[in-house]
Amino acid sequence: MSEEMNVTGAEDITDAITPYERLEIIRNKNRPTIRDYLPLIFNDFFELHGDRLYGDDGAILGGIGRLGNIPVTVIAEVKGRDIFENKASNFAMPHPEGYRKALRLARQAEKFNRPVICFIDTPGAFCGIAAEKRGQGEAIARNLAEFMVLKTPVISVVLGEGGSGGALALGVCDELAMLENSIYSVISPRGFASILWKDASKEKEACNIMRITAEDAVNLGIAEQIIPEPEGGAHNDPEMTAENISKFLVKTLNSKMKKDIDVLLNERYNKFRKIGVFSETSENI
Amino acid sequence: MLEDLFKVVTARFNNDGSEKSAETSSEKLFKCPRCSESCSPEEFTGNKWVCPSCGYHSRISARERLSITVDKDSFREYDKDMSSLNPIDFPDYEAKISGLKSRTGLNDAIITGECTIKGEKCIIGVMDSHFMMASMGSVVGEKVTRAFEAAAEKKLPLVLFTASGGARMQEGLVSLMQMAKTSGAAAKLSQAGGLYITVLTDPTTGGVTASFASLGDIIIAEPKVLVGFAGRRVIEGTIKQRLPEDFQSAEFTLENGFADMIVERKNLRRTISHLIRLHRPYKEVDIIV
């Protein structure tokens, strides 16, 4: 498939697909996960386990491998496609040890001057007793702070669901790309509906006002790139999707790795620093 | 002045639907929602809005907090007029904000500025749960970030009193990004060697717990306040069982290693000023004879 075709396809789809339809596409049980993409994008991949503090969280995968010729650290949230995979990865809802494993590997990457590539695909950080006891809030906060000053390039890609702080914990980066049908939201559309209208079934209405699509994220200045998916969604051609992701990563890494690290860090800080909409006049209303 | 505060307090409890206690005189008594004991509003206010019987630390407004924390006339407010716009065109958001402005006298859920506390100069920020449960949108994110930046630039300690229901849903992804923005600013202050003290007050939850509230060099909590990431009902919904009473309390947070100390409201001024003094550059420390 030529690149041109992808781009044209993307524009057609954008006009036709509603946010809720995108949610249905990313919920397709055949939607590729990081486990599908890993061998298609990276060579010589070695998975590395554990946060060295408490345990190993199956919801976040980490390791080192090569993207083309470039050694990279990969950190990814792991969706499963059947009950066994989902049990092992807790439906991609990380515990604090998952975020701490991510941070350990990011610091290791910094030490060896390897860029970090994060793949976001989570409904959100896990909500449970153990997660609270082990400091879910602190684990996410620490990642946000440390990734902001990590002295190596960080690129993040949203594969499917970018759910809230659990997604953002892998989303402090130099450049954020989203797969065409992926979503990124402050809370799940279901959670939004249940808080706002006390009715979780109004998910569809929530989707349509929340601004959660890749296009919305670009328009809000939060994502930089949209990676095209094959018509109908990534599951229709995982190889082509992987190739599109690879192209984006190689191009972006090449430009980020050329930059002086202080320039890169300033740009990373300012990318987030400028997000916010407010007025500063004394007039009321 | 005191009468006004009293009105606020009684209004709050009436709004909560709590029963009003019998009145011995014409004045309305404060009835503690925790122990049900009553006391006069003067006693309650004089006790810094802490129940004299059981030590219940009630939620107080940012102005009330400043009044019991900073040295008299020392507070200079930053970014007073900063106010929310509507980044994702959320239905009725402007109306909600303007209603809250007139009801609370605040422009958003935080007041920031500089002050002295027992003579120690610092930057201070106080969140106010009466404004949309102190959810973090663009204004909270920007003011907190500017407070971190001011602390780094002026080489002053930063003290933040946190309270929040989490991210402000009405600002969508823009509100989520405030977590990254504020945490990044905290990281920069830390790299610059600045002191950052967090005081966790009731309730500190969600996106604020998962960002700047958890990043203090020293984390203080008021007794028994709610501190956590996920909402209690959300967790109960996930695990299908009731959680114990003290779950996500300040004491739970301390026990699990995520706070340094629990300090009663009456001792906060002294504690904060002492901690700041301990962080003075060595050469400035007075020689003790």
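Predicted model: local features only at pLDDT ≥ 70, side-chain atom pairs only at ≥ 80, totals over all residues.
Residues are numbered from 1 along each chain as its sequence is written, while chains are lettered from A and ligands numbered from 1 in the order in which they are written.

Between the two chains, 49 residues of chain B are in contact with 46 residues of chain A, two residues being in contact if their C-beta atoms, placed from the backbone, lie within 7 Å. The elements giving two or more residues to this side of chain B are strand 4 (83-84), helix 4 (93-104), helix 5 (138-154), helix 6 (172-191), helix 7 and helix 8 (232-239), where helices (H or I, at least four residues) and strands (E, at least two) are DSSP runs numbered from the N terminus. Helix 6 of chain B gives the most, with 15 residues.

Strand 4 of chain B also pairs in the antiparallel sense with strand 9 (residues 278-279) of chain A over two bridges, pairing being assigned if DSSP finds at least two bridges between two strands.

B:Leu215 lies in the loop of chain B between helix 7 (206-209) and strand 9 (218-221). This residue counts as buried because 24 C-beta neighbours lie inside 10 Å, the cut-offs being 20 or more other C-beta atoms within 10 Å for buried, 12 or fewer for exposed, and partly exposed in between, with C-beta atoms placed from the backbone. Not counting residues up to four places away in sequence, B:Leu215 touches A:Ala141, A:Ala145, B:Ser183 and B:Ala186.
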